[in-house]
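Please open the structure in your viewer, with the sequence panel beside it, and follow the selections below in order.

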Amino acid sequence: MKVKVIPVLEDNYMYLVIEEHTREAVAVDVAVPKRVRAAFGRREHSCGPRHRRPRPSVRTPRGSPDYAAEAHPLPGALCTRAWRPNTGSHLDHLHLPNSHPFQLLEIVGREGVSLTTVLTTHHHWDHAQGNTELVRLLPGLVVLGADERICALTRRLAHGEELRFGAIHVRCLLTPGHTSGHMSYFLWEDECLDPPAVFSGDALSVAGCGSRLETTAQQMYHSLVETLGTLPPETVFCGHEHTLGNLEFAQKVEPCNNHVKAKLSWAKV
């Protein structure tokens, strides 16, 4: 299983998961094309209620407009799963400033894979609005998620449902908190040395989590601790790059926490 990490917008991540034997590919969280946005909070079209976020407190990524990093896991020390590009470069060097489905399809073409499915974690525009254009460009593309508000949704998934893409297993994990219909996706391959991975959208990030917008604190706690917290401690592919901001805040709250210090040093490399 290969994961292509595609930074988009100000701090979002979009992913392309490739089954290396069948060459089938699955996209995760196809974001809105940046060209439809004049500024934060302004859009030319939408799919569902707008979710407004403040500007990120960490540095804005920048770099080559046609670069996608391959990812491999690193052991974490706090909220513990994380990924780092195997180029050795800092995340600042991975931004696709005007990324949209056309660029995703260019990556699909370069990899020589067949994109068959989109897995969407939740309905917010910065995770789902690219679905509509992608479906138009690829007739027959299947868009899956747990919320009827997701753009171009083909079929609604249920908690605990399992999918299969060649040798890749996908377990669908309902993780309400950020939104009521938020779904995370746990992926693994049998008899494979590659570690499993979870695509957590805005439910969980490195050293943090998304804002609780639609559910109770108890539901969010269950999602983080009972659902995501019981997965193997390997790799999380999160929806946003908030690592430095989260850890800097954590260090202010707990200045003597050695786990926070170690993780912050790791994030700054």
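Buried is used here for a residue under 20% relative accessible area, exposed for one over 50%, and partly exposed for one in between, with a 1.4 Å probe and protein chains only. Helices (H or I, at least four residues) and strands (E, at least two) are DSSP runs, numbered from the N terminus. This is a predicted model, in which local features need pLDDT of at least 70 and side-chain atom pairs count only at pLDDT 80 or more, while totals for chains, interfaces and linings use all residues. Residues are numbered from 1 along each chain as its sequence is written, and side-chain values use heavy atoms, with hydrogens and water left out.

Begin with strand β13, where Thr235 and Phe237 point one way while Val236 and Cys238 point the other way, and all of them are buried.

Now widen the selection to the open sheet of five strands, in the order β9-β10-β11-β12-β13 and with mixed pairing, where two strands count as paired if DSSP finds at least two bridges between them. Its edge strands, each pairing on one side only, are β9 (162-165) and β13 (235-238).

Contact means heavy atoms within 4.5 Å, and, leaving aside neighbours within four places in sequence, Tyr185 is in contact with residues including Leu119, Leu144, Val170 and Phe199.

Move on to Ser223 in helix α4 (residues 217-227), a buried residue with a relative accessible area of 2%. Not counting residues up to four places away in sequence, Ser223 touches Leu174, Thr175, Pro176 and Leu228.

Finish at helix α6 (residues 258-267), in which Val260, Lys263, Leu264, Trp266 and Ala267 are buried. These residues cover an arc of only 155 degrees around the axis, so they lie on the same side of α6, the arc being that of the directions from the helix axis to the C-beta atoms.
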